[in-house]
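Me: I have just opened this one and would like a slow walk through it. Could you take my questions as they come?

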Amino acid sequence: TPFFTMKQEGKGMGLAHVFHAVQNNNGTIQVESEEQKGTTFIITFPKGERHTNIRGMEMTQATDVRTELSQFLKENLIFYTNQWIEYLRKNKNYLANILDEHGELDHYSKVGQPLMKIVSENLTEIRTEKIMDLAKEKGIQRAKMEFPIHLTWEIFLSSRGIIWNAIKTFFNENNKTLTTDEFFSLERTVNDIIDLYIDTYTSYYTNYKDELLKSHRETVEEL
């Protein structure tokens, strides 16, 4: 999972992020610490298993399914975008009105729901830099517009829901099946793409706001 930070020094991942990453890869962490002397972290990962030909066939089939799913999302992008817009108008009218004021819903109805489009284009290969560039551009744009961050998170939440509805429809209509491992792998990929976009968007949004506030403070102090 790609990691992103706006910190000036160091990665700033923190023990919680490291623990989560190690745990997800079936690793273990052993800690040895003595005051005034130092701390040693020993991180251990299990040796990878050699894949058999049967396993290789399963991986190929899973890749083919992802390719078909990607194509399905691209072909039905406008259809599900309109479903999403209809959901907003029915259940979150206040949010739909704000997006209408900025002309965003009309734009999306023509080009497609942004997050679904990003997921469809990155299912087979996650292009981290491209996702982050798109999120950065949108985050700064919304910060300049004074678009409330909590409303953006509502947009992200509803977007995630419509994406998974589309994925469910794909498997039901095409009688596709996945093993448990394949399903969780797909789930991780889809949510990693969405989370990367959300994290990057939030980082640049808040960073722009912080820099703006800092600039205002410096101006006030100078005056």
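Predicted model: local features only at pLDDT ≥ 70, side-chain atom pairs only at ≥ 80, totals over all residues.

Me: What is the mean pLDDT of the protein chain, then?

Reply: The mean pLDDT of the protein chain is 84, and 86% of its residues reach 70 or more. Some caution is needed for residues 51-59, where pLDDT stays under 50 and for which the model has two contacts beyond four places in sequence.

Me: OK, and how many helices and strands are there?

Reply: The protein chain has nine helices and two strands, and reading along the sequence gives the pattern α-β-β-α-α-α-α-α-α-α-α.

Me: What about the accessible surface, how much of it belongs to carbon and sulfur atoms?

Reply: Carbon and sulfur atoms account for 50% of the accessible surface of the protein chain, which comes to about 14,800 Å².

Me: Let's go inside. How many residues does the largest nonpolar core have?

Reply: The largest nonpolar core has 43 residues, and those with the most contacts inside it are Leu-69, Trp-84, Leu-105, Val-119, Ile-163 and Val-190. At least two residues of this core come from each of α2 (53-75), α3 (77-91), α4 (93-101), α5 (104-111), α6 (114-122), α7 (128-144), α8 (149-173) and α9 (180-222).

Me: Which helix gives the largest share of this core?

Reply: That is α8, from which ten residues of the core come. As background, nonpolar side chains tend to be buried together in soluble globular proteins.

Me: You listed Ile-163; what is Ile-163 in contact with?

Reply: If its neighbours within four places in sequence are left aside, Ile-163 is in contact with Leu-115, Met-116, Val-119, Val-190 and Ile-194. Two of these partners, Val-119 and Val-190, are also among the residues with the most contacts inside the core.

Me: And Leu-151, is that residue buried or exposed?

Reply: Leu-151, which is found in helix α8, has a relative accessible area of 6%, and it counts as buried because that value is under 20%. Leaving aside neighbours within four places in sequence, Leu-151 is in contact with Tyr-94, Leu-95 and Ile-98. The C-alpha atoms of Leu-151 and Tyr-94 are separated by 9.7 Å, although these two residues are 57 residues apart along the chain.

Me: What share of the contacts with a separation of 6 or more comes from residues 24 or more positions apart?

Reply: In the protein chain, residues 24 or more positions apart account for 71% of those contacts.

Me: Switching to a lysine: is Lys-138 buried or exposed?

Reply: Lys-138, in helix α7, has a relative accessibility of 17%, so it counts as buried under the 20% limit. Not counting residues up to four places away in sequence, Lys-138 touches Glu-104, Tyr-108, Tyr-197 and Tyr-201.

Me: Last topic, the backbone: what is the phi of Glu-146, and of Asn-175?

Reply: Most residues other than glycine have a negative phi. Glu-146, however, has a positive phi of about 65°, and Asn-175 has a positive phi of about 50°.

Me: Where do Glu-146 and Asn-175 lie?

Reply: Glu-146 lies in the loop between α7 and α8, whereas Asn-175 is in the loop between α8 and α9. Glu-146 is exposed, with a relative accessible area of 51%, and Asn-175 counts as exposed at 67% relative accessibility.

Methods. Residues numbered from 1 in each chain as written. Heavy atoms only, no water. Core = buried A, V, L, I, M, F, W, Y, C linked by side-chain atoms within 4.5 Å. Buried < 20%, exposed > 50% of the residue type's maximum accessible area, 1.4 Å probe, protein only. Helix = DSSP H or I, 4+ residues; strand = E, 2+ residues; numbered from the N terminus. Contact = heavy atoms within 4.5 Å. Areas by Shrake-Rupley, 256 points an atom, 1.4 Å probe, with all protein chains shown as cover. pLDDT = per-residue confidence, 0-100.
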